[in-house]
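Subject: Structure handover

Hello,

My notes on it follow.

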Amino acid sequence: MNKKQFNFEEIFQLLKEELEDKKLPVVADPDWDRTINTPFKTLISCILSLRTKDMVTEKAAYNLLKKYNTPEKIIKLSEEQIQDLIYPVGFYKVKSKTIKNISKTLIDKYGSVVPDDINELLKLKGVGRKTANIVMVYGFNKTGFLPIDTHCHRIPNRLGWIKTKNPVETEQKLRKILPQKYWDDFNHLFVKFGQIICLPVSPYCSRCPIEEYCKKNGLKNSR
Ligand code: SF4
């Protein structure tokens, strides 16, 4: 299949029209709370969001960052205090440790500033490719990055764009086939699409705006 046959232009346009007015996840939302909307907020929110629903992430991030919005303020908290603020996010005990460690590393090695360099971000313990890419895109508004979460991995596979086993492979393949002009919109559109229509189990294929372009339309367990 060549790039034209993937129908990127039509698919992105239809998804934009369908999802325009839907709320963004907290890590990507520019209107979240301007007083604390910094790369540090994006980084910490993203760590909180792993295996956690958006609404829970948003509340936890707000509880923690409204008052403790810098690495210096975070390291003054005990792990138990962080746990109380972020509960009930998934793995809140592990995440409180990770957040404290990252804050300490930022102070010790980066002058308390989140680095705007993906390779430096990946050196922070607990930061993987998805989080690092998200910080570059939504924390620093940089182009040229493709954050891949479970939705961004699953949907291009369903559409038939790629055939990959994990998000790292998906990122590599998409970098080759998806023209860069779509990269800025890719993550937030596909996350919203995956949360609302192309669900992991029983997707709503019958009301999917891009059904005609999908290789998997008519999935056995679709609605
Ligand atoms: S047709 Fe179904 S599986 Fe395909 S993109 Fe739409 S919702 Fe997802």
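The buried residues of helix H11 pack against helix H1 (8-19), helix H8 (129-139) and helix H9 (150-159). Two residues are in contact if their C-beta atoms, placed from the backbone, lie within 7 Å. Helices are DSSP runs (H or I, at least four residues), numbered from the N terminus. This is a predicted model: local features need pLDDT of at least 70, side-chain atom pairs count only at pLDDT 80 or more, and totals for chains, interfaces and linings use all residues. Residues are numbered from 1 along each chain as its sequence is written.

In H11, the buried residues are Phe186, Asn187, His188, Leu189, Phe190, Val191, Lys192, Phe193 and Gly194. Buried means that 20 or more other C-beta atoms, placed from the backbone, lie within 10 Å of the residue's own. H11 (residues 183-196) has 14 residues and should span 20 Å at 1.5 Å a residue, which agrees with its end C-alpha atoms being 20 Å apart. The expected span is 1.5 Å times one less than the number of residues.

An automatic or database assignment divides the chain into domain 1 (3-23 + 145-213) and domain 2 (34-139). Their C-alpha centres lie 27 Å apart. Nine residues of domain 1 are in contact with seven of domain 2. On the domain 1 side, helix H10 (residues 167-177) gives the most, with three residues.

The ligand is surrounded by 15 residues, the closest being Cys198, Pro203, Cys205, Cys208 and Cys214. A residue counts as near if its C-beta atom, placed from the backbone, lies within 6 Å of the molecule.

Regards

Definitions and conventions. Helices (H or I, at least four residues) and strands (E, at least two) are DSSP runs, numbered from the N terminus. A residue is buried if 20 or more other C-beta atoms lie within 10 Å of its own, exposed if 12 or fewer, and partly exposed in between; C-beta atoms are placed from the backbone.
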